[in-house]
Amino acid sequence: MAIGLPCILIFVFLAIAANIFWLWMFIECLVKEPSDTNDKILWALVIFFGHLLGAVLYLVVRRHERIAMYGE
């Protein structure tokens with residue numbers, strides 16, 4: 001019984017953190033991704049439908065590339 005509550009709290013914390021990360025990547029994609037190509041729409045769809053996996057993919061693949069290309 002005593003082990004159950006900490007496990008639930010950890011799960012809730014991780015779920016909230018994952019949703020915040022997803023929202024952060026989704027908003028960053030919509031705001032900072034250049035609009036001259038269809039990359040913005042494609043990445044927004046990947047993040048939206050892929051949820052956490054899509055957000056991590058955007059972070060690893062595109063975000064660093066965009067920062068290196070356009071600067072911030």
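Me: Is Arg62 buried or exposed in this predicted model?
Reply: This structure is a predicted model. Residues under 20% relative accessible area count as buried. The relative accessibility of Arg62 is 7%, so Arg62 is buried.

Me: With which residue does Arg62 form a salt bridge?
Reply: Across the whole structure, a search finds 1 salt bridge. Its closest N and O atoms are 2.6 Å apart, and the partner of Arg62 is Glu33.

Me: Which parts does the pair of Arg62 and Glu33 tie together, and how many residues apart in sequence are they?
Reply: The salt bridge joins Arg62 to Glu33. Arg62 belongs to helix 2, whereas Glu33 sits in the loop between helix 1 and helix 2, so the pair links parts whose separation in sequence is 29 residues.

Me: Is Glu33 buried or exposed?
Reply: The cut-off for a buried residue is under 20% relative accessible area. Glu33 has a relative accessible area of 2%, so Glu33 is buried.

Me: Which residues are in contact with Glu28, leaving aside neighbours within four places in sequence?
Reply: Glu28 is part of helix 1, which covers residues 4–32. With 7% relative accessibility, Glu28 counts as buried. Beyond its neighbours within four places in sequence, its contacts are Glu33, Tyr58, Arg63 and Arg66.

Me: Which residues of helix 1 are buried?
Reply: Helix 1 has 29 residues, and its first and last C-alpha atoms are 42 Å apart, close to the 42 Å expected at 1.5 Å a residue. Cys29 has a relative accessibility of 0% and therefore counts as buried. The buried residues of this helix are Ala18, Phe21, Trp22, Met25, Phe26, Glu28 and Cys29.

Me: How many disulfides does the structure hold?
Reply: A disulfide needs a pair of cysteine sulfur atoms within 2.5 Å. Cys7 is partly exposed at a relative accessible area of 48%, while Cys29 is buried at 0%. The number of disulfides in the structure is 0.

Me: Which residues does Leu59 touch, not counting those up to four places away in sequence?
Reply: Leu59 is a residue of helix 2, and its relative accessibility of 23% makes Leu59 partly exposed. Its C-alpha lies 10.0 Å from that of Ile47, a residue 12 places apart from Leu59 in sequence. When residues up to four places away are not counted, Leu59 touches Phe21, Met25 and His64.

Me: Which residues form a nonpolar patch on the surface?
Reply: One member, Val56, is placed in helix 2, which covers residues 39–70. Val56 has a relative accessible area of 35% and is therefore partly exposed. Together the members of the patch have about 500 Å² of accessible area, and they are Leu52, Leu53, Val56, Leu57, Val60 and Val61.

Me: What is the phi value of His51?
Reply: His51 is also placed in helix 2, and at 32% relative accessibility His51 is partly exposed. Its phi is positive, in a residue other than glycine, and is near 45°.

Me: What distance separates the C-alpha atoms of Ser35 and Phe48?
Reply: Ser35 is found in the loop between helix 1 and helix 2. A relative accessibility of 56% makes Ser35 exposed. Ser35 and Phe48 are 13 residues apart along the chain, and the separation of their C-alpha atoms is 18 Å.

Methods: Residues numbered from 1 in each chain as written. Predicted model: local features only at pLDDT ≥ 70, side-chain atom pairs only at ≥ 80, totals over all residues. Heavy atoms only, no water. Patch = residues over 30% accessible without salt bridge, like charges linked within 9 Å, V, L, I, M, F, W, Y side chains within 5 Å. Areas by Shrake-Rupley, 256 points an atom, 1.4 Å probe, with all protein chains shown as cover. Salt bridge = Lys/Arg side-chain N within 4 Å of Asp/Glu carboxyl O. Helix = DSSP H or I, 4+ residues; strand = E, 2+ residues; numbered from the N terminus. Buried < 20%, exposed > 50% of the residue type's maximum accessible area, 1.4 Å probe, protein only. Contact = heavy atoms within 4.5 Å. Expected span 1.5 Å × (residues − 1).
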